[in-house]
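Subject: Structure handover

Hi,

Here is the structure for you to look over. My notes on it follow below.

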Amino acid sequence: MLSYGKNVLLNTNPKEIRKVYLSKSKKDPEVFEYLKNNQIHYVNVDNQMLNKMTKENHQGIVFERDEFQYQSLESLYNKNFVVLLDHLEDPHNFGAIIRTCEAAGVDGIIIPKDRSVSVTDVVIKTSVGTTENVPIIKVSNLTDAIKKLQKNNFFVYGSDMDGTDCREVSFADKKVLVIGNEGKGISPIIEKNCDEMIKIAMKGNVNSLNASVAGALLIYKMGGLIWVMKKRN
């Protein structure tokens, strides 16, 4: 698969990189040092060729890499914090969530095989290459995955505006956060299998947040890392 961008290149396992295409005008010492130290083959090309390879902002760097490798659901059973995405569709939201998960120390992300965004070049670029550091699992059936996690002592929290204020919840040690589709939210069948629904308190007139923003707030709250919103009387 093709990836692009400086940060993505520098965060990619060198063993997975096959070939790098650099803009002839690229004069970044950090990039050249990385390529040299890891003995990665590269060729200098003009920007016109890079623009044909991708329509995204490549920053003068496009590279061929191995296909992304998804992990197994079983690899999460002995972990503590998992994020499950219920048919998320926007690759930029997915990439942003991966980046947040990596920063917050989430142990893995679960996505469905059908009707959902997968790990693509756009996702990798948006995540600034953190797809390398967060296990991502693709499953055939989200409900089955939830039930298997519950059997392995995970408590499943779904995010919904009608749920319990997340500031009032004592979160389990082993937990799953379910983030719903950008437009539809969490599907009824998934909500039915959640152990508890939680929400983010809203002070303004807006009654919902972007999926990646809401996800970031809940991930940090559930991870016990930071919480800055004061509870309103």
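This is a predicted model. Mean pLDDT for the protein is 90, with 95% of its residues at 70 or more. Watch residues 228-233: pLDDT there is below 50. Leaving aside near neighbours in sequence, that stretch makes 9 contacts in the model.

The sheet

There is an open sheet of 4 strands. Its order is β1-β4-β2-β3, and the pairing is mixed. β1 (2-4) and β3 (42-45) are the edge strands, each pairing on one side only. On average, neighbouring strands are turned by 25 degrees against each other, ignoring direction. Helix α2 (residues 29-37) packs on this sheet. It touches β2 (17-23), β3 and β4. The direction of α2 makes about 150 degrees with that of β2.

β1 and β4 (residues 61-65) run antiparallel, joined by 3 bridges. Tyr 4 stands opposite Val 62 in β4.

The helix pair

Next, α4 (residues 91-104) and α8 (residues 211-222). Their axes come within 9 Å and cross at roughly 15 degrees. Angles under 35 degrees count as roughly parallel, and α4 and α8 are therefore roughly parallel to each other. The crossing of α4 past α8 is right-handed. On the α4 side, the contact is made by Asn 93, Ala 96, Ile 97, Thr 100, Cys 101, Ala 103 and Ala 104. α8 contributes Ala 211, Ser 212, Ala 216, Ile 219 and Tyr 220. By class, this contact has 9 nonpolar and 3 polar residues, and no charged ones.

Best regards

Notes:
Residues numbered from 1 in each chain as written. Predicted model: local features only at pLDDT ≥ 70, side-chain atom pairs only at ≥ 80, totals over all residues. Heavy atoms only, no water. Axes fitted to C-alpha atoms, helices over the stretch in contact; angles between N-to-C directions. Helix = DSSP H or I, 4+ residues; strand = E, 2+ residues; numbered from the N terminus. Parallel < 35°, antiparallel > 145°, perpendicular 65-115°, else oblique. Left-handed = near helix turned anticlockwise from the far one by under 90°. Contact = heavy atoms within 4.5 Å. Nonpolar A, V, L, I, M, F, W, Y, C, P; charged D, E, K, R; others polar. pLDDT = per-residue confidence, 0-100. Pairing = 2+ DSSP bridges.
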